[in-house]
Amino acid sequence: TQFEYVSSDGSPLNLTIDSGAIENGWDELLILDSDGVTQLYYGYGNAGDISGLTFQSSGDTIYFAIQSDGSISCGSGSAAYAGGIDYTVACATCTNPIAEYTVIDDCANGDQFLIDVNIISMGDAQSLTISDNYGTATGQATQTGTVQMGPYPFFNSIEITVSNDQDVNCVIGSNPILMYACPPANDNCDQATVITPNSDSSCTESASGDLVGATPSPEGNTCGGSADDDVWFEFTATSENHAITIYNIVGNTQDLYHVLYEGSQCDDLTQIYCSDADDSVANGLTIGNTYSIRVYSYTAALLDYLTFDICVYTIPPPITTSATEYTVEEIVTEVLINSECNQAFNVTYSTGTDYGSTNGIGYFESNGSTWPFESGLIMTSGDIANAVGPESGVISDGTYAWVGDADLEAAIPGLNAGDTNNASILEFDFVPVTDHMSFDFIFAAEEYGTFQCTFTDAFAFLLTDTAGVTTNLAIVPGTTDAISVLSVRDDEWNASCPSVNEEFFGNYYGPGGLAPLTSPTNFIGHTIPMTAEADVIPNELYHIKLIVADDGDTLYDSAVFIDAGSFDIGSLDLGEDVLLSSGNALCQGQEMTLNAGGLPNNSTIAWYMDGNLIEGENGVNLTVSETAFYSATITIDNTDCAYSDEILVEFFPTPDISAVEDNILKCANESYILEVDVANSAQMNSLTYIWSLDGVDLQWGSDNTYNLDEIAEESGEFIVTVFDDTTYCWGQTTIQVGFYENSYCIDLPQGLSPNGDGYNDCLILDHLEDREDIDKIEVFNRYGTKVYELNEYIDQWCGRDQDNEELPVGTYFYIIYFNSDKEPITSWIYLNY
């Protein structure tokens with residue numbers, strides 16, 4: 001009911017609420033000006049208490065009404081409002097002043113606030129008195145402008161009164177004004193808290209917010225709610241698609257609002273969108289640009305407790321689906337079948353488009369999403385176009401004109417004839433080339449969560465052999481149970497029934513689960529990838545029928561995703577490349593055996609190295625020891641079917657070690673340094689050298705030299721082993737060391753006794769011959785007569801002259817000449833028998 005009051009003399013009217021209350025948030029007090037249109041007031045007073053409110057019309061009429069929903073009010077007999085509303089309407093004897101009230105924090109001086117009373121109009125007063133209910137000093141105004149009142153401690157409800165000093169009938173007052181805390185640090189746009197966007201769908205990086213004490217901001221806002229307690233955040237876009245989520249909301253209200261702006265300057269922001277929901281999606285962002293988020297409570301009620309967390313994360317892209325990129329036959333022969341042999345044919349299919357409904361068969365790609373399969377076949381009991389994520393609600397496509405499938409109803413326990421609708425069917429013949437076939441799939445369904453205890457759609461993979469025996473391959477691993485919502489579920493998402501085979505359930509995007517915005521598909525839940533498989537007989541004809549359908553109705557669709565290339569009816573796999581970078585390569589000189597797996601009886605195999613046929617290799621194993629690309633090709637006899645695989649096998653280099661000198665002659669009292677060199681050391685990591693002699697390790701470490709000192713009489717075959725400290729590939733070489741007793745290799749005999757006793761019978765100079773290559777020797781008697789001369793001398797002079805006559809006892813002198821650049825040596829020797 002609306003009440004109308006008209007003054008008898010045409011003067012304005014004052015309406016004052018003496019006492020009364022309305023239901024806050026539900027029943028509104030409405031005051032209209034004289035034109036019946038202009039609102040003087042529309043609201044709830046002080047949380048429903050409307051006592052003390054006063055209004056003045058601009059003309060001779062004022063309207064009063066309570067807009068009630070009727071549920072809780074004085075009219076409905078509610079006890080809280082039984083006293084009704086008392087108000088007074090009287091002719092105005094003066095024109096009321098007009099004022100606005102702004103709360104100003106005074107946190108620099110303590111937990112307190114100020115109130116700026118902005119006198120917009122004096123009315124017809126010459127002076128005004130501004131007072132409060134707290135007892136602070138009054139303020140005076142003789143013209144428009146601002147009068148500051150306070151300070152007031154937090155948690156005190158302050159009411160400001162503005163009185164006409166010339167007429168006591170012209171008084172206006174504020175609603176109760178209250179402040180609970182100092183404004184948050186990010187109360188204003190230019191103080192925004194910086195949020196780091198997460199690169200994935202997690203909220204590892206986040207920020208916290210507090211609305212208590214927050215004040216309005218001047219930036220433009222066309223969104224709903226009351227932005228009188230906003231705080232600000234900002235982030236730099238790292239993706240074109242981000243999501244904003246507000247969570248862990250605790251306090252007076254759960255209803256928060258947020259607004260997204262673009263721009264790096266607070267006075268030049270462009271509003272992008274508003275969101276009353278706590279989660280929102282920001283698409284089409286510019287990477288590197290700055291974006292601001294304004295958060296406030298939807299209600300205008302003053303808050304004394306409200307905190308929250310906020311996160312910006314990157315929305316993974318959804319899958320894509322297509323009904324045109326491949327024909328259904330091409331999906332089978334070019335997408336699904338992982339074989340170079342065209343062994344699939346007679347492709348037929350049926351879906352909703354055959355019944356005037358939606359298309360349930362097509363091609364999908366992961367599109368960079370988190371979906372486990374990169375691409376493949378999608379079959380659904382609805383529309384493949386609506387299978388694209390994110391999760392946005394129940395998919396229930398398809399009409400009753402789109403029929404079910406009798407084979408599916410016969411294959412699944414619990415289904416009766418006629419139970420299914422909206423069946424998408426794909427079937428074809430194939431000939432396997434090995435004795436095993438398999439493919440990988442994921443089952444997704446809208447029944448997960450709310451209906452996972454009672455309802456499920458059905459699907460099957462029906463394999464039929466040449467004997468007509470049909471087997472359903474869509475079985476929970478390790479069981480005989482057909483896969484469905486009822487046989488693979490997790491009670492975390494519906495506790496009304498126990499979990500069944502929950503280890504095979506994947507993700508849930510409903511209440512309490514993963515964020516719906518992060519779902520790559522529009523299905524609320526799905527299994528993990530599973531494998532359908534069967535033993536088969538090579539080169540025999542098989543038929544497979546893939547079916548998915550709704551059970552009992554056309555609602556809550558399901559889908560099956562089959563991984564591209566996973567339909568394996570025979571392929572060759574030589575394994576992953578053996579690379580130096582992977583750390584599993586062998587060393588040069590070692591051997592590795594490649595295996596091509598089983599060879600069908602009706603086939604031949606050929607091996608290739610760097611594209612060249614390896615003659616004589618026609619078995620499934622090949623032993624290799626060199627870095628190269630190796631490939632094998634299996635050809636099915638009497639067909640054009642041949643399939644191949646290639647593998648790169650690398651070998652770590654072996655240290656190419658050699659001795660700087662491999663044959664050394666060392667004399668007593670002489671030191672010598674043995675040294676080895678690794679020609680390909682630049683290809684090696686750090687090296688360790690092991691020096692050994694006669695099976696005993698003499699030195700172990702990084703030194704490529706070994707010192708033969710002047711004391712030790714070490715000789716023989718030194719073995720030097722070097723190995724790479726990372727790959728442990730090794731090489732080895734030897735050094736022969738001969739030893740002579742002649743000191744420093746210049747010690748010459750000075751006594752000769754050729755008596756046949758085996759000691760000093762002849763002048764032996766083999767150490768000089770080995771070292772310097774003796775040209776000749778000349779022997780003289782004490783009178784200077786040459787008695788002996790021989791070219792290429794080693795040990796032939798045994799006390800006889802050139803004619804082989806025995807020389808007399810005495811002292812003799814000799815000169816040794818060399819083919820090298822060594823100076824001749826002159827010495828003496830005493831001959832005695």
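Cys91 is partly exposed, because its relative accessibility is 37%. In this predicted model, the closest cysteine sulfur to that of Cys91 belongs to Cys94 and lies 12 Å away, which is too far for a bond. Cys94 is instead joined by a disulfide to Cys170.

## The Cys94–Cys170 disulfide

The disulfide count for the model is eight. In one of these, Cys94 and Cys170, the S to S distance is 1.4 Å. This link connects distant parts of the chain, 76 residues apart: Cys94 sits in the loop between strand E7 (86–91) and strand E8 (98–105), while Cys170 sits in the loop between strand E13 (160–164) and strand E14 (171–173).

The link of Cys94 and Cys170 is right-handed, with 130° about the S-S bond. Cys94 and Cys170 are both buried.

## The Cys107–Cys182 disulfide

Cys107 and Cys182 also form a disulfide, with 2.0 Å between their sulfur atoms. Here too the pair links distant parts of the chain, 75 residues apart. Cys107 is in the loop between E8 and strand E9 (112–121), and Cys182 is in the loop between E14 and strand E15 (193–194).

The disulfide of Cys107 and Cys182 is left-handed, because the torsion about its S-S bond is about -120°. Cys107 counts as partly exposed at 22% relative accessibility, and Cys182 counts as partly exposed at 29%.

Cys762 lies in the loop between strand E53 (751–752) and helix H3 (766–772), and Cys798 in the loop between strand E55 (786–791) and strand E56 (810–818), so the bond ties together parts that are 36 residues apart in sequence.

The torsion about the S-S bond of Cys762 and Cys798 is about 90°, which makes the disulfide right-handed. Cys762 has a relative accessible area of 23% and is partly exposed; Cys798, with 26%, is partly exposed.

Strand E19 covers residues 256–262, and six of its seven residues are buried, so the strand is largely enclosed by the rest of the structure.

E19 pairs with strand E22 (residues 290–297) in the antiparallel sense, over seven bridges. In that pairing, Glu262 stands opposite Tyr291 of E22. E19 also runs antiparallel to strand E20 (residues 270–275), to which five bridges join it. Gln271 in E20 is the bridge partner of Tyr261.

How values were computed
Residues are numbered from 1 along each chain as its sequence is written. This is a predicted model: local features need pLDDT of at least 70, side-chain atom pairs count only at pLDDT 80 or more; totals for chains, interfaces and linings use all residues. Side-chain values use heavy atoms; hydrogens and water are left out. Buried means under 20% relative accessible area, exposed over 50%, partly exposed in between (1.4 Å probe, protein chains only). Helices (H or I, at least four residues) and strands (E, at least two) are DSSP runs, numbered from the N terminus. Two strands pair if DSSP finds at least two bridges between them. A disulfide is a pair of cysteine sulfur atoms within 2.5 Å.
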